[in-house]
Amino acid sequence: MKFIYSAKRSAGVGLIEVLVTTVVVAVGLLAVASLQSNLMGGSRTNKTKSEAKAIAETKIEELRDTINKTGTNGYDNLAGSLTNQSIGGVTETFTLSWTVTTKYWNAATQTWDTLVIANAAYEKQINASVCWLDGCTGNTQNTVAVQSIIAFDNISNSMLSAKTA
């Protein structure tokens, strides 16, 4: 059997294969580039949220470190922020605000209440909120909130508890 190949018929096949391969490689490279940009954007978002959380936790720890019960900077006088604080971060400029709510133990209902009860145990609930970009105007995706409850115990009582433990 004799096979006759025409040079004219097979001349364009190599060119078409090269063009198809080029298109497939180009689409693959575009997909990799798109994935890389999504990863970089997600990394920036995570870094920003981590930084905002650290700012809120730092404020709560600052309020928790109050060692005096009375006085202008004492536990009894802990208060929320009157104005928002602007804090420059690595990725964004953040706005910090916090509230302090005093809650009293109501022995009759066995619950914590915001109504003042004389001679009752009390605690402070702290809510720290950090926002950036449009998070300060309602976009909750750009807001981080941290909550904590602190109670005061005189330092000598704490030392006695540690000594007997």
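Modeller: Happy to! Contact means that heavy atoms lie within 4.5 Å. This is a predicted model, in which local features need pLDDT of at least 70, side-chain atom pairs count only at pLDDT 80 or more, and totals for chains, interfaces and linings use all residues. Residues are numbered from 1 along each chain as its sequence is written, and side-chain values use heavy atoms, with hydrogens and water left out.

Let's look at Ser148, which touches Ile60, Arg64, Lys124, Gln125 and Ile126, leaving aside residues up to four places away in sequence. With Arg64 there is also a polar contact between the two side chains, at 2.3 Å (a pair of N or O atoms within 3.5 Å; within protein, one must be able to donate a hydrogen and the other to accept it, and residues adjacent in sequence count only if both atoms are side-chain atoms).

Ser148 belongs to strand β5, residues 143–150 (strands are DSSP runs of E, at least two residues, numbered from the N terminus). Ser148 counts as buried because its relative accessibility is 12%; buried means under 20% relative accessible area, with a 1.4 Å probe and protein chains only.

In a regular strand the side chains alternate between the two faces of the sheet.

Technical notes. Helices (H or I, at least four residues) and strands (E, at least two) are DSSP runs, numbered from the N terminus. Buried means under 20% relative accessible area, exposed over 50%, partly exposed in between (1.4 Å probe, protein chains only).
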